[in-house]
Amino acid sequence: MTTALDTPASALDEHEQNFVADVREHGWFRTAVSGDNTSPIFSFTTGFWLNADHPELLLFSMKGETAHDIFWDLYRDAKADRPLIIGARTPDVFSNAPAYAFPVAKRFYAEYLGWSRWFYGNDNFPCLQIVWPDREGTFPWETGFDPAFADSQPDLTENGWKAALVEQ
């Protein structure tokens with residue numbers, strides 16, 4: 001697989017060189033994106049697919065340091081051959097709440113995964129959105145989900161979170 005790691009440093013600007021250096025040193029990089037009127041803050045990874053054989057990850061509405069720590073734990077898990085299970089409730093993401101991981105539809109890559117698209121040179125990498133519950137442990141597709149969090153994590157799946165659930 002050809003990535004930005006194969007590009008000579010002289011062909012990269014300073015930000016690209018720093019990005020590539022972090023992926024070389026740590027195996028992955030976290031990009032943090034500030035929210036605006038149409039989207040909440042979010043973070044995503046680059047390097048999981050190349051270095052841990054695990055889909056990249058995207059997480060909405062978490063402070064940068066928190067998202068970074070979560071991604072580090074999940075990177076270590078992936079390297080230890082303990083990948084996230086797609087579409088199933090898991091206690092393996094947050095220490096105090098369950099989570100789900102769902103595939104991000106390719107139609108959202110351009111809007112949400114810019115640096116990963118640049119790094120891989122295309123959209124031929126998988127990405128999972130990590131979805132968290134409200135304070136009562138209710139997920140966005142479940143009855144009773146707190147409407148205060150309705151805009152905190154947009155659904156980036158192809159056909160909706162509920163359609164992406166696997167039977168447990």
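Contact in this tour means heavy atoms within 4.5 Å, and helices (H or I, at least four residues) and strands (E, at least two) are DSSP runs numbered from the N terminus. The model is predicted: local features need pLDDT of at least 70, side-chain atom pairs count only at pLDDT 80 or more, and totals for chains, interfaces and linings use all residues. Residues are numbered from 1 along each chain as its sequence is written, and side-chain values use heavy atoms, with hydrogens and water left out.

**Stop 1: helix α1**

Select residues 14–26, the 13 residues of α1. From first C-alpha to last, α1 reaches 18 Å, close to the 18 Å expected at 1.5 Å a residue (the expected span is 1.5 Å times one less than the number of residues). Now colour Glu 16, Phe 19, Val 20 and Val 23, the buried residues of α1 (buried is under 20% relative accessible area, exposed over 50%, partly exposed in between, with a 1.4 Å probe and protein chains only). Look down the axis of α1: these buried residues fall within an arc of 95 degrees, so they line one face (the arc is that of the directions from the helix axis to the C-beta atoms). Glu 14 and Glu 25 are exposed on the face turned away from the buried side of α1. To see what covers the buried residues of α1, show elements including β1 (29–33), β2 (42–46), α2 (48–52) and α5 (114–120).

**Stop 2: helix α3**

Select residues 64–79 next. The end C-alpha atoms of α3 are 22 Å apart, which agrees with the 22 Å that its 16 residues should span at 1.5 Å a residue. Ala 67, Ile 70, Phe 71, Leu 74, Tyr 75, Asp 77 and Ala 78 are buried in α3. Seen down the axis of α3, its buried residues lie within an arc of 160 degrees, so they too line one face of the helix. On the face of α3 turned away from the buried side, pick out the exposed residues Glu 65 and Lys 79. The cover over the buried residues of α3 includes α1, β1, β2, α2, β3 (56–60) and β5 (127–131).

Stay on α3 and select Asp 73, which is partly exposed at 42% relative accessible area. Draw a C-alpha to C-alpha distance from Asp 73 to Phe 94: 9.6 Å, for residues 21 apart in sequence.

**Stop 3: positive phi**

Most residues other than glycine have a negative phi. Move to the loop between α2 and β3 for Asp 53, where phi is near 55 degrees; Asp 53 is exposed, at 61%. In the loop between β3 and α3 is Ser 61, with phi near 60 degrees; Ser 61 is partly exposed, at 26%.

**Stop 4: Thr 138**

Go to the loop between β5 and α6 (161–164) and select Thr 138. At 15% relative accessibility, Thr 138 counts as buried. Leaving out residues up to four places away in sequence, Thr 138 touches Pro 133, Thr 143, Gly 144 and Phe 145. Thr 138 and Ala 97 are 41 residues apart along the chain, with C-alpha atoms separated by 10.0 Å.

**Stop 5: the pocket lining**

Finish by selecting Met 62, Asn 96, Ala 97, Trp 132 and Pro 133, which lie nearest the centre of the largest pocket. A pocket is an open set of points on a 1 Å grid over the protein atoms alone, where a 1.4 Å probe fits, with protein on both sides within 12 Å along at least five of seven lines; lining residues have an atom within 4 Å of a point. The lining of the largest pocket has 17 residues.
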